[in-house]
Amino acid sequence: MVASSTLLPQPSRWIRVAIWVLILAVLVAAPSVLPVFRLNLLGRFLSLAIAALGIDLIWGFTGILSLGQGVFFALGGYAVAMFLQLNTSAAAGMLPEFFRLYGVSSLPFFWEPFRSPVFTLIALWLVPALVAAVLGYLVFRNRIKGVYFSILTQAALLVFFNFFNGQQKLINGTNGLPTDTTVLFGQQVGSEPVQRVLFWITGLLLILSWFFVRWVVRGRFGDVLIAIRDDEPRIRFTGFNPVVFKTIVFAIAGALAGISGALFTVQSGIVTPQFMSVPFSIEMVIWVAVGGRGTLLGAIFGAVLINYGKSLVSEALPQSWLFIQGALFILVVTALPQGILGWFFAGGFRNLLVRAGLARPLATYPSLELDGQEEVRL
Amino acid sequence: MTLLFETLFNGLAIGSVLLIAALGLAIVFGLMGVINLAHGELIMLGAYTTYVVQLIFRLPFLAPFYDAYVLVALVAAFVVSGIVGVLLERTVIRRLYGSPLETLLATWGVSLILQQFVRSVPLASAAGLVLTLLLALLGPAVLPGQWLAGPRGRFTRAGVWAGAALVGVLAAASLGSLVPSLSRANPRNVDVTAPAWMRGSIELAGLTLPVPRLVIIVITVVAVLGITWFLARSVWGMRIRAVTQNRPMSDCLGIPTETVDVLTFGVGSGLAGVAGVAVSLLGSVGPNVGASYIVGCFMVVVLGGVGNLLGTVIASLAIGVMTDLIGAGRLLTAWPGMPPSIAAVVDFFATTSMAQVLIFSLIVVFLQFRPSGLFPQKGRLVEA
């Protein structure tokens, strides 16, 4: 793992500018070009990219592989769905509809604060962050790491899934909380104008998260994270406490997943315990792996690419998606550990041209390529 | 008193399923440090093997031996899952030794492929494919060495593969024509019918003991004893342990470490197949049957401590008893007069899934005090 990503890719300036122009063009043009169905899909993928940024932060930069990001994703989704449900039913002076099905007459206590929009906007990232911080602290404190951490996060995922799945009377269990029929500012959330606005919000938040994560991984804090990834005992012996750093970074990733989940929920129209299914959380990891871990743009790119591919393949050949996805996992891990963008930034494309005889090889000594690239770019 | 025995028996029954499912994982993870997320799918393959074997034993000329099909299924499942495991080790995992997180992702990919494979490939063809692999992998070991040496060796190997493929295709075709239901892809769940002697239950000291559960307990006990003997007493077991302790030194002393890797992984995967037979006796068999066990298996291994079979045994039995104790709400039965507030809490967790919630939380709490499980490995490594 160390060898595959110590060499941080360093794209040339023009490539970066080109990528940015492309991203902005997509964000600006999409709402007026795409039909609302496709726009909605793209909006969902962009919101998933925020969760991917969080995973890149903890996995690509800190070396913590979490298979339980779905927990935080779903918590964010539930926060916003609870608010919307209450907001809609409060207008009629009643409890949300599903409570009546189970004969619940008074609102469970933890629903109360979600009447407030301000509280919801804070809770949708703070609650996941706190859960992540507590869980992370308890695990990191004991120096449980690597695969053990991954397994424990997967177990935690299952715990949360079972809990949410089984509690009909508290949060509507398996059925989840629909949001598309709820009302916000007098408009149905599932309606076209609201969805267009949500697309903009998603795009904006994605860019903000990208800047935020970039700010985190640059500078001294980011240096410590990378050092933890590459040699944790050594950073401990140097006098740093990795537990603090890992907990903070895991909490940040949790918060990002929460935001992502909230945006995804309002755009897909429902939040269900399926958001916490085991395959979905592992899928999130593969977005980052395919895009290129350790490169933030790679995480965004991977999330959008894989999900878009998934929706295309599922429309055409529903049966083949699992084969393709499985093969992707194996291929990326064995043949392309840096991911697509990582490979590209590391000069992979040029090397390919060189091999095909279309470009002249650069005359450098291998160690020159390694020197001076420790700095985090992108 | 009856309550105690009932809890113990149920706990033993739940725990033995967990144990047989986790046993292979404990070996692969404990001895090789490989996280195999496709372990659940190897269990699933074992369960499907049971199904196929059962259908074959329905055929007229094998019908008199129908009662014994479970024994044949045990062997067949071990071989099928073992072969797939060996193939997995040779093609994917071997490239990823030393990078456990990458192994984890790659094996997850394998598990997705296997799940979709049993959905969209007819079981008869799958059986033929496994037979081909078995013959092709065993072939070179059986043939005289001189045939494989030199320039002729390449032709011999190609011939072995061609022959194996031919046999596989023939087997698939004949199986498909003998048992028509196997010649079509079937994405739905299938049911394994237990032979007559395995249905019903035995009354013992006021307890009702379902026979399938007893059979699973017996299978588990035999498997645990067998694997313990294998690792502790046999020559290859000794080699496996040697490689686990010090790979370079074992290599220097002439132990074929690559063969040891294949063998360890093969045995671990084969045990997953045996677990599949047990699982198929409990409920219907589907592509996702293994996935539901995998997290529980990992919990057993983490709780028991890595590389320690005794820990695995104790951890799975403890989880089994706890599941029954909490999930069936037995505390309420044992202590009917408990205060309503406690009773409400006990009642809240008295379903199987909520019991899982509580038990996993308890395991995380437990790991706060014993981070490396019940029986930690002793060592002075900084990465311990």
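Helix 6 of chain A still bends, by about 40° at A123(A). The bend is the angle between axes fitted to the seven residues ending there and the seven starting there.

This is a predicted model: local features need pLDDT of at least 70, side-chain atom pairs count only at pLDDT 80 or more, and totals for chains, interfaces and linings use all residues. Residues are numbered from 1 along each chain as its sequence is written, with chains lettered from A and ligands numbered from 1 in the order written.

A123(A) is also buried, as are L124(A) and W125(A), among others in helix 6 of chain A. Buried means 20 or more other C-beta atoms, placed from the backbone, within 10 Å of the residue's own; exposed means 12 or fewer, partly exposed in between. Across chain A, 47% of the 378 residues are buried. Chain A holds 18 helices and 4 strands.

Now the partner chain. 36 residues of chain A contact 36 residues of chain B (C-beta atoms, placed from the backbone, within 7 Å). Helix 7 of chain A gives the largest share of chain A's side, 13 residues. The predictor assigns the complex an ipTM of 0.78 and a pTM of 0.84.

Definitions and conventions: Two residues are in contact if their C-beta atoms, placed from the backbone, lie within 7 Å. Helices (H or I, at least four residues) and strands (E, at least two) are DSSP runs, numbered from the N terminus.
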